[in-house]
Amino acid sequence: MRRLLPITKSHKKPLYFGLFTGVIALILNVAVPAMARNAIDAAIATDRGALTTWAVILISVGVGRFVFGALYRYSLFRLAWGVETDLRSLLYAHLTKLSFSYFDRTQSGEVISRANSDIRSIQVLLAFGPLIGMTIISFILAFGYMMTLHVPLTLVSLITLPGVYFFGQKLRRVVFPLTWVGQARLGELATIVDENVNGIRVVKSFAAEKHQVGLLQRAAEHIKWVNVEVIKSRARYNPIIESLPRVGMALVLLYGGHLAIEQSVSIGTLFAFNAYVIMLQAPFRMFGFLLLQTQRASASAQRIFEVLDEEPTVVDSPNAAPLTDVKGSIVFDDIHFSYPIFRGNNSDDVAESAEEVLSGFNLTIDPGETVAIVGRTGSGKSTVGRLLNRFYDPTSGDILVDGKNIREVTLDSLRHQIGIVFDEPFLFSTSVAENIAYSQPNAPLKDIASAATAAEASGFIEELSEGYATVVGERGYTLSGGQRQRIALARTLLERTPILVLDDATSAIDVEVEAKIHTALAEHLSGRTTILIAQRVSTISLADRVVLIEDGQVSAEGTHSELMANDERYVAILAEAEQKSRGSSGDKDE
Ligand SMILES: Nc1ncnc2c1ncn2[C@@H]1O[C@H](COP(=O)(O)OP(=O)(O)OP(=O)(O)O)[C@@H](O)[C@H]1O
Ligand SMILES: [Mg+2]
C-alpha cells in the first residue's frame with residue numbers, strides 16, 4: 001500500500017483540494033444540528049429576531065454543506081479514477097515489456113483479473129476510504145460538542161454503539177469470506193464463457209454443447225448460492241443494525257425528555273442530540289468496512305506489484321546501439337539453449353533442469369541467401385527463429401547479424417530488421433488493410449496491395465464483400481487458414497525487412513498457390529536473407545541451401561538434391577512429413 005503513495009501523490013490537486021473541501025463540508029455537517037438547536041431555542045423563547053438570524057445561518061450552512069460536499073466527493077472520486085487509470089497504464093506498459101518466458105507460464109485470465117478486479121478494489125478504497133475517515137472526524141467533533149452540552153445525555157446516546165459495531169462485525173465475518181468465494185466463482189464462470197466462445201469450434205465439433213452448458217449451469221448455481229447466503233445474513237443482521245440507532249434515539253428522547261421537563265436541557269438541545277445520535281453511528285457502521293476494504297486493497301496491491309516487480313529477462317544492454325543498414329549475414333555460433341523451466345501449480349513435479357533444445361547449433365548464412373531448415377517436429381526449428389529475434393536469449397553462444405552480436409544492439413532496431421511469419425497467424429479484429437499495415441499504419445493502399453499481391457492474397461481479398469476494408473472476425477476466423485496465412489505473410493512483407501523468417505508460413509496453402517507465392521516472393525525477396533522453415537519438398541526446393549536439424553545441432557547440409565541423394569535421415573524425415581500432411585493440406589477454397 002505504501003508503494004501506492006507516489007501514484008496517489010502525483011494527483012496533488014484533487015487530493016489536497018478534496019481533503020480541504022472535505023474538512024469544511026464535515027464541519028458544516030456537524031454544525032447543522034447545532035444551528036437548528038439555536039433556532040428552536042430562539043423560537044421557544046419567542047425571540048423572533050434571533051429565530052430569523054439562526055434560520056438564515058442554518059440555510060447558509062446547508063447550502064455550504066451541499067457545495068463543499070459536492071466538491072470533495074468530485075475531487076476524491078476523480079483522484080480514485082485517476083489512480084486507477086495510472087495503475088492500468090503502468091500495468092499494461094509493464095506487461096508489454098515482459099519477456100516471452102513470463103507469458104509462457106502465465107494464464108491470460110490471471111493477468112486480466114489483476115488488471116480489472118484488483119485495480120478496482122484499490123480504486124474503491126481510495127474513493128471511500130477518505131469518506132469514512134471523514135465520518136470518524138465528524139464523530140469526534142459531534143462528540144466533543146455534545147459533551148459541552150450535557151455529559152450524561154451524551155453517554156446515553158452512545159449506549160447502542162457497541163451493539164452496532166458488534167452486529168456489523170458479525171455480518172462481515174460471514175459476508176467477507178463469501179464475497180471472496182463469489183469473486184473466485186465469477187472468475188470460473190468467466191473462464192467457462194471465454195472457452196465456450198473461443199473454443200466454440202471444438203465444442204461443436206464434438207457435439208459437446210450439453211456438457212459445456214452443464215458446466216456453465218453449475219458455475220452459475222454456485223454464484224447464486226453465494227449470493228443467497230450473503231442475502232440471508234444481510235436479512236438477518238441489517239434490520240438489527242438499522243434499528244439500533246432508533247433505539248438510541250428513543251433512549252435519548254426518554255432520558256432527554258425528562259431532562260427537558262426538569263428544564264436542565266433546552267428543547268433545542270434535545271433536538272440536536274436526536275440528530276447527533278444518527279451521525280454517531282456512521283463511523284461504527286463503516287469502520288469495519290474500511291478495515292475490510294483496506295485488507296482487500298492491500299492484497300490487491302500486492303498482486304499488482306507482483307506483476308510490476310517481474311523483471312523482463314530480455315532487455316537492451318546498457319550500451320546497446322541501433323542496428324541499421326543491415327546487409328543480412330547471420331551467424332549462429334555454438335548456440336546452447338533450453339527453455340526456462342515452467343513451474344506448474346504443483347511444485348512437486350518441477351523438472352530439475354530443462355532439456356536443451358539446441359546444443360551446439362552452428363549456422364552461417366550469407367547476405368541474400370535463402371536457407372531452409374528441416375527437422376522432425378519438436379526438433380527446435382521454430383526456436384532458431386525465436387532466438388534470432390531475441391524472444392529468448394541463448395544460454396551460451398552468440399548470434400551475429402552483420403557481424404554484430406545481437407545482444408549489443410537495441411531490441412527495437414533488431415526486430416525492425418527481421419520479419420517473422422509464424423505458422424499460426426494471429427490477425428486483429430480490424431480490416432484486412434489495417435491488418436496488413438499493422439507495422440506501418442500510414443502505408444498507402446498501393447503498397448498494401450502490392451504486399452498482398454506478393455503474398456498471392458490480392459485475389460481473394462478483392463472478392464471479399466468490402467475488399468480491403470472488410471473487417472475480419474476475431475483472430476481472423478472469418479477467413480480460411482490459408483487466407484489468414486497469406487495476410488500474415490503480406491503484413492510481414494510490407495515491412496520490407498532485410499531478413500525474413502518464414503516459419504511454416506505457407507503450410508495451410510495448397511501447393512499451386514504456394515508456388516505462385518514463391519515466384520512472386522522471388523522478386524520481393526531478392527537481396528533479402530531468408531530462413532525458410534518448411535516440411536514440404538515444394539517449399540524446400542526454393543532454398544539455395546538446406547540444413548537438417550537433429551539433436552539440437554545441424555546434422556547435415558547441402559542443396560535439396562544433394563541431401564536427397566546422400567542422406568537417408570533427410571529422406572526419411574521428408575517422407576514422414578509428406579505422409580502427415582497428405583490429404584490434410586490447405587484451403588479448399590482455391
Ligand atoms: N515456450 C516454450 N516453453 C517451453 N518449451 C518449449 C516452448 N516452445 C517450444 N518448446 C519445446 O522446445 C522444443 C522445440 O520446439 P520448436 O517449436 O522449436 O520445434 P519445431 O522444430 O519448430 O517443431 P514443429 O515442426 O512442430 O513446429 C520442443 O520440444 C518443445 O516442446
Ligand atoms: Mg515450429
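Q: How much of α16 is buried?
A: α16 is mostly covered, with 13 of its 14 residues buried. Buried here is 20 or more other C-beta atoms, placed from the backbone, within 10 Å of a residue's own. Helices are DSSP runs of H or I, at least four residues, and strands are runs of E, at least two, numbered from the N terminus.

Q: Is this predicted or experimental, and what's the numbering?
A: The model is predicted, so local features need pLDDT of at least 70 and side-chain atom pairs count only at pLDDT 80 or more, while totals for chains, interfaces and linings use all residues. Residues are numbered from 1 along each chain as its sequence is written, with chains lettered from A and ligands numbered from 1 in the order in which they are written.

Q: Where does α16 sit, and what comes just after it?
A: α16 covers residues 481-494, and just after it Arg496 takes a positive phi of about 50°.

Q: OK, ligand 1. Which helix gives the most to its shell?
A: Helix α11 (residues 381-388), with three residues. Among the residues surrounding ligand 1 are Asp104, Tyr339, Lys381, Ser382 and Thr383.

Q: And the whole chain: how many helices and strands?
A: The chain has 20 helices and ten strands. Its radius of gyration, taken over C-alpha atoms, is 36 Å, well over the 25 Å that the globule rule (2.2 Å times the number of residues to the power 0.38) gives for 590 residues, so the chain is more spread out than a compact globule.

Q: What does the C-alpha trace span?
A: About 120 × 55 × 50 Å along the principal axes of the chain.

Definitions and conventions
A residue is near a molecule or strand if its C-beta atom, placed from the backbone, lies within 6 Å of it. The expected span of a helix is 1.5 Å times one less than its number of residues. A residue is buried if 20 or more other C-beta atoms lie within 10 Å of its own, exposed if 12 or fewer, and partly exposed in between; C-beta atoms are placed from the backbone.
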